[in-house]
Amino acid sequence: MPEFELTAAPSPEELAAITDALSAFNTGDVGPSDRRTLAVLIRDTDGKVTGGLSGFTAWGWLFTQMLYIPDTLRGTGLAGKLLSKAEEEARARGCRGAWIDTFSPQALRAYLRQGYEVFGELQDFPEGRTRSFLRKNL
């Protein structure tokens, strides 16, 4: 019988054992993911990264994991520009769709303006908010 250990501090090697095994299973099940990192960076005049978009492409989809606009630049249309640049690169990589999730009402409005549509919601995540999952055909 296997043993279980609950930990809040797994080692990188322990996490890699899970990740590597799942990746191998998925490759055998549905084919290679062709996972590639993607980032669109916002830099200040000194070249320091102050925000941007990070995510990856895999199995023909772009997933935006994080999108951050500095407070001083919000409301200027930068979210749309970041998404457009990431989507352009995703198309060049052969992607057919994009997805993102958020619990920010402001971000939700920005993503809807960019042509994303809600395909699922999780109420009270975090408490008092709704986490929305959005997709877009590329």
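Residues 24 or more positions apart account for 50% of the contacts in the protein with a separation of 6 or more, a contact meaning heavy atoms within 4.5 Å. This is a predicted model, in which local features need pLDDT of at least 70 and side-chain atom pairs count only at pLDDT 80 or more, while totals for chains, interfaces and linings use all residues. Residues are numbered from 1 along each chain as its sequence is written, and side-chain values use heavy atoms, with hydrogens and water left out.

The secondary structure comes to three helices and six strands. Helices (H or I, at least four residues) and strands (E, at least two) are DSSP runs, numbered from the N terminus. Read from the N terminus on, the elements follow the order α-β-β-β-α-β-α-β-β. Over residues 1–138 the chain is 31% helix and 34% strand, with 47 Å between the end C-alpha atoms. UniProt lists the range 1–138 as "domain: N-acetyltransferase" in an unreviewed entry; UniProt positions are given in the numbering used here, feature names are shortened, and annotations may be inferred rather than shown by experiment.

Taken along the principal axes, the C-alpha atoms fill a box of roughly 55 × 40 × 35 Å. Of the 138 residues, 28% count as buried; buried means under 20% relative accessible area, exposed over 50%, and partly exposed in between (1.4 Å probe, protein chains only). The protein exposes about 9,600 Å², and carbon and sulfur atoms supply 55% of that area. Accessible areas come from the Shrake-Rupley method with a 1.4 Å probe, and for residues only the protein chains shown count as cover. There are 16 positive and 18 negative side chains, and the centres of the two sets lie 12 Å apart. In that count Lys and Arg are positive and Asp and Glu negative, while His and the chain ends are not counted; the place of a charge is taken as NZ of Lys, CZ of Arg, CG of Asp or CD of Glu.

Strand E1 (residues 36–43) pairs with strand E2 (residues 49–58) in the antiparallel sense over eight bridges; two strands pair if DSSP finds at least two bridges between them.

Aspartate 34, with a phi of about 55 degrees, is found in the loop between helix H1 (12–30) and E1. Aspartate 34 is exposed, at a relative accessible area of 53%. Tryptophan 59, with a phi of about 50 degrees, sits in the loop between E2 and strand E3 (61–68). Tryptophan 59 is partly exposed, at 38% relative accessible area.

Tryptophan 61 lies in strand E3 and is partly exposed, with a relative accessible area of 23%. Not counting residues up to four places away in sequence, tryptophan 61 touches Phe56, Cys95, Arg96, Gly97, Ala98, Trp99, Arg135 and Lys136. The C-alpha atoms of tryptophan 61 and glutamate 14, which are 47 residues apart along the chain, are separated by 28 Å.

Proline 126 lies in the loop between strand E5 (117–123) and strand E6 (130–137).
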